[in-house]
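Q: Could you walk me through this model? I am new to it.

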Amino acid sequence: MGLMGVINAVGGPRAIGGVVRGVTDAIQPNATRRLELGHEGIGRALDAHMAEFVQAEATAFDRFVNGLNRLPRPALALGTMVLFAYAMAEPEGFALRMDGLGHIPEPLWWLLGAIVSFYFGAREAHYLRMRRPASHRSAEPATDAPPASPGQPLPGHDNPALAEWLSAR
């Protein structure tokens, strides 16, 4: 019985290959499988992250509250225009009311400023969270060509040490 007969007797080349693969995986883990598992893990994490931001369909109450949230900015702008018109139509009454505003203590003005700032800051943060992430494409095309000399900086790099290191690669 020759060598081929012995190999066929123990299960053939595939069985021996499986045993060799098992032994090498015990010594050195399979890098490809490790990358596949890492990719699957990242995919599951991204899916879970995206699931947090899925929104239900807006109800009538949601639309009503969104409408109320959109009122303060136009109301402030129109209110300012109305104050100008009021100052021109009745200067004495306007002066009397502005004098009354002068008697408001300073901490109350700070409180009003904080409330208005937090309101508009929260709205801005909401819209920043709702914005879709931009793609991470580079504006410059990637080139593998190193610069002409090791000391010459790469395009877009101001750091000479980094340019030298990149060109030496």
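What follows is a short chat about the model.

A: This is a predicted model, where local features need pLDDT of at least 70, side-chain atom pairs count only at pLDDT 80 or more, and totals for chains, interfaces and linings use all residues. Residues are numbered from 1 along each chain as its sequence is written, and side-chain values use heavy atoms, with hydrogens and water left out.

Q: How many helices and strands are there in the protein chain?

A: The protein chain has eight helices and zero strands, where helices (H or I, at least four residues) and strands (E, at least two) are DSSP runs numbered from the N terminus.

Q: And how do the axes of α5 and α6 cross?

A: Helix α5 (residues 72-89) and helix α6 (residues 91-102) have axes that come within 5 Å and cross at roughly 125 degrees, with axes being lines fitted to C-alpha atoms over the stretch in contact and angles running from 0 to 180 degrees between N-to-C directions. The two helices are therefore oblique to each other (under 35 degrees is roughly parallel, over 145 roughly antiparallel, 65 to 115 roughly perpendicular, the rest oblique).

Q: Which residues in α5 and α6 meet?

A: Leu83, Tyr86, Ala87, Met88 and Ala89 in α5 meet Pro91, Gly93, Phe94 and Arg97 in α6, a contact being heavy atoms within 4.5 Å.

Q: New topic: what share of the residues is buried?

A: Of the 169 residues in the protein chain, 4% are buried, meaning under 20% relative accessible area, with exposed over 50% and partly exposed in between (1.4 Å probe, protein chains only). Tyrosine 86 is partly exposed at 24%, and phenylalanine 94 is partly exposed at 22%.
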